[in-house]
Amino acid sequence: MPLTRPLAVPLGAALALALPLAAPWPAGAANTDPVAVANATFSSPTVQSGNWTAGVDGWTGPTGVASVDRAAHPKGLQAATLGWNGVAVSLSTRLRGVRAGANVTLVWDDNPDSCVTSGAGPRTYTVTVAGTANPVGDFTTNAPAAKADWYTGRTYSFTAAEDSPHVTFTNTATSNPGCGELITNVQAFQTPPEPTSPGSSDPCAGEGAGSPACTTDAGNKQQIENCPATSRDCLAGVAGKGEQENAGIAQQTQALDEFTNTPRDQDPNTAADALCQVSNAHTGNLQPGDTVIPPGTWWYC
């Protein structure tokens with residue numbers, strides 16, 4: 001089969017094809033970094049038939065997932081429910097990659113679900129994370145009307161009190177709680193904490209200055225400064241002749257020589273020639289015009 005010439009694609013177009021579309025960031029989050037959320041659109045497990053399937057991959061909680069048709073999300077997403085088997089339930093996950101002290105903003109969509117009639121009362125739920133400085137987030141969906149009515153772009157901001165903070169959505173509806181709220185399209189953004197400045201690496205700084213080792217070092221330093229620059233004997237008497245260091249260098253030199261002079265089973269050039277046979281078998285039919293760089297200049301072969 002004749003080889004075809006590779007298609008040239010401009011660099012900008014290639015990047016546009018390779019990079020996924022970024023999710024919109026919440027307002028006021030221009031200096032934040034996106035955080036990966038496990039199963040953010042609740043696409044796993046896939047609801048193959050019917051309206052529901054039990055379990056939510058990447059999350060914990062005794063609940064399940066609504067199908068695309070049942071969720072009726074404007075982007076065609078599946079959704080997790082906060083009502084299961086007739087009772088209100090919670091759904092939790094951890095935000096991996098978030099360190100304690102980071103400022104985090106959650107963004108998601110919610111829906112009262114079509115099973116809720118207009119007389120059932122508002123659908124309410126909370127968002128909670130660890131940390132006494134983080135208040136409970138109280139939320140109410142759009143008014144129930146026996147149909148999907150998604151609110152897109154709910155937000156909740158907090159300061160992470162722990163690494164990989166644990167986020168929990170909990171149904172608080174008192175009327176027909178088993179027909180719970182749906183949530184999906186969960187996103188997270190963070191402003192990482194400021195890096196801590198490293199402590200002093202000088203063991204003789206601060207309280208360590210009075211230690212025996214540091215006072216000895218200080219005395220030696222003064223003695224070295226008092227030695228005439230041309231007196232090797234004076235310097236050796238104070239600082240030593242470096243016997244331990246010289247012995248270590250000698251051992252490293254010997255080890256390097258032993259490695260370098262180790263007999264080889266095969267000459268490197270002979271081994272490369274064998275590999276060239278494989279390479280040439282794949283590139284032998286290429287003509288100079290088939291590639292930007294001629295195959296003969298690719299490597300050793």
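In the predicted model, arginine 154 is placed over the face of tyrosine 151, at 3.7 Å from the ring centre. Arginine 154 also forms a salt bridge with aspartate 110, in which the closest N and O atoms are 2.7 Å apart. This pair links distant parts of the chain, with arginine 154 in strand S11 and aspartate 110 in strand S8, 44 residues apart, and both arginine 154 and aspartate 110 are buried.

The salt bridges come to three in total. One of them joins arginine 70 to aspartate 113, with 3.2 Å between the closest N and O atoms. Because arginine 70 belongs to helix H2 (residues 68-71) and aspartate 113 to the loop between S8 and strand S9 (124-128), the pair ties together parts that are 43 residues apart in sequence. Arginine 70 counts as buried at 16% relative accessibility, and aspartate 113 likewise counts as buried, at 1%. Glutamate 162 forms a salt bridge with arginine 94, the closest N and O atoms being separated by 3.5 Å. Here glutamate 162 lies in the loop between strand S11 (151-159) and S12, while arginine 94 lies in strand S7 (residues 90-94), so parts 68 residues apart in sequence are tied together by the pair. Glutamate 162, at 24% relative accessibility, counts as partly exposed, and arginine 94 is partly exposed with a relative accessible area of 31%.

Aromatic pairs number seven. In one of these, the ring centres of tryptophan 108 and phenylalanine 169 are 5.3 Å apart and the planes stand at 80°, so the pair is edge-to-face. Since tryptophan 108 is in strand S8 (residues 103-111) and phenylalanine 169 in strand S12 (residues 166-171), the pair ties together parts that are 61 residues apart in sequence. Tryptophan 108 and phenylalanine 169 are both buried. By contrast, the aromatic pair of tyrosine 156 and phenylalanine 158 is stacked, at 5.9 Å centre to centre with 25° between the planes. Tyrosine 156 counts as buried at 7% relative accessibility, as does phenylalanine 158 at 5%.

A polar atom of the asparagine 171 side chain lies 3.0 Å from the backbone oxygen of leucine 82.

How values were computed. Residues numbered from 1 in each chain as written. Predicted model: local features only at pLDDT ≥ 70, side-chain atom pairs only at ≥ 80, totals over all residues. Heavy atoms only, no water. Phe/Tyr/Trp six-rings, centres within 6.5 Å; stacked < 30°, edge-to-face > 60°. Helix = DSSP H or I, 4+ residues; strand = E, 2+ residues; numbered from the N terminus. Buried < 20%, exposed > 50% of the residue type's maximum accessible area, 1.4 Å probe, protein only. Lys NZ or Arg CZ within 6 Å of the ring centre and 35° of its normal. Polar contact = N/O pair within 3.5 Å; in protein donor to acceptor, adjacent residues only side chain to side chain. Salt bridge = Lys/Arg side-chain N within 4 Å of Asp/Glu carboxyl O.
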